[in-house]
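Welcome! Open the structure in your viewer, and let's walk through it stop by stop.

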Amino acid sequence: MNNLATRSLTAVFFVIAMVGSTLLGQTAFSGLLLVITVYSLNEFISLVSNENNQPAQWPTLIAGGITYLTLSAHAMSMIPSAGLLVIIPLVFVLFISELWRNKANPFTNIALSLTAIIYIALPLGLLIYFFDPVILSGPYHYGIVLGFLVILWLNDTGAYFVGSLIGKHKLFERISPGKTWEGSAGGTLFAILTAWGLSFIFKQLDGLQWMVLAILIVISGTLGDLVESMLKRSLGIKDSGNILPGHGGLLDRFDAVLLSVPFVFVYLALFCR
């Protein structure tokens, strides 16, 4: 019960911070995600570092942070599209930095740094575009971002409770023994019903588009959860960190977000303009 209370209290504060910054607008939301991006990058580097692999901490944080800021600034129309080109040479600074570090397995270190940027900074930067009328038709609005988060959270909640009650058939036992097909089906139902309800509130998408979005979030979000579980299992750890009492680290909390954002971004850009 104490663990449940801790988890619940942490979840309440987390939701207030995310929803509050979303309602305040693109700038506030972008600022919060910058903090989350840098901390998550550091969390990832700390997890994968050992006596054999030692990715460069500060070059990774700087390159990842600037990658996020560049995408965020473009999403908010603060820089032209040509400004995105700065990301290309920036990434190759990671290769150059290894020349002076004199560490074992330099290309493994580079690969881990690039993985951190692609896995964390890129999707969180793309999330800012969900506000942007350049990507979505119509004026700036927080509805897509908020709807995305609510669907993701209720899918997770539905999967947890349905799986706890009637879950018997394992979804991907090798990676995550606790997940079941019944829980996944319950989460999908929660997500689709949520999307249908959101279509009456946020008119940026019609009912069908919202429900397709929900299905895409369920599939990619579940795979994101499994990918992060695969990472932790390969490292022999239970949580990615301890910054969120009862929930672990930020990577534990954002695992579904990180993998679902790129798929949702492409869907919105191609089919919801």
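Which side chains meet in a salt bridge at 2.7 Å, N to O? Select Lys-179 and Asp-225: they are the pair. A salt bridge here is a side-chain nitrogen of Lys or Arg within 4 Å of a carboxyl oxygen of Asp or Glu. This pair links distant parts of the chain, with Lys-179 in strand 2 (residues 176–180) and Asp-225 in helix 8, 46 residues apart. Helices (H or I, at least four residues) and strands (E, at least two) are DSSP runs, numbered from the N terminus. Searching the whole structure turns up five salt bridges.

A word on what you see: this is a predicted model, where local features need pLDDT of at least 70 and side-chain atom pairs count only at pLDDT 80 or more, while totals for chains, interfaces and linings use all residues. Residues are numbered from 1 along each chain as its sequence is written, and side-chain values use heavy atoms, leaving out hydrogens and water.

Next, select helix 6 (residues 143–166) and helix 8 (residues 207–235). They pack at an angle of about 55°, with axes 10 Å apart; axes are lines fitted to C-alpha atoms, for helices over the stretch in contact, and angles run from 0 to 180 degrees between N-to-C directions. That makes helix 6 oblique to helix 8 (under 35 degrees is roughly parallel, over 145 roughly antiparallel, 65 to 115 roughly perpendicular, the rest oblique). Where they meet (heavy atoms within 4.5 Å), look for residues including Phe-148 in helix 6 and Trp-210 in helix 8.

Last stop: select Leu-189, which lies in helix 7. Helix 7 covers residues 181–198.
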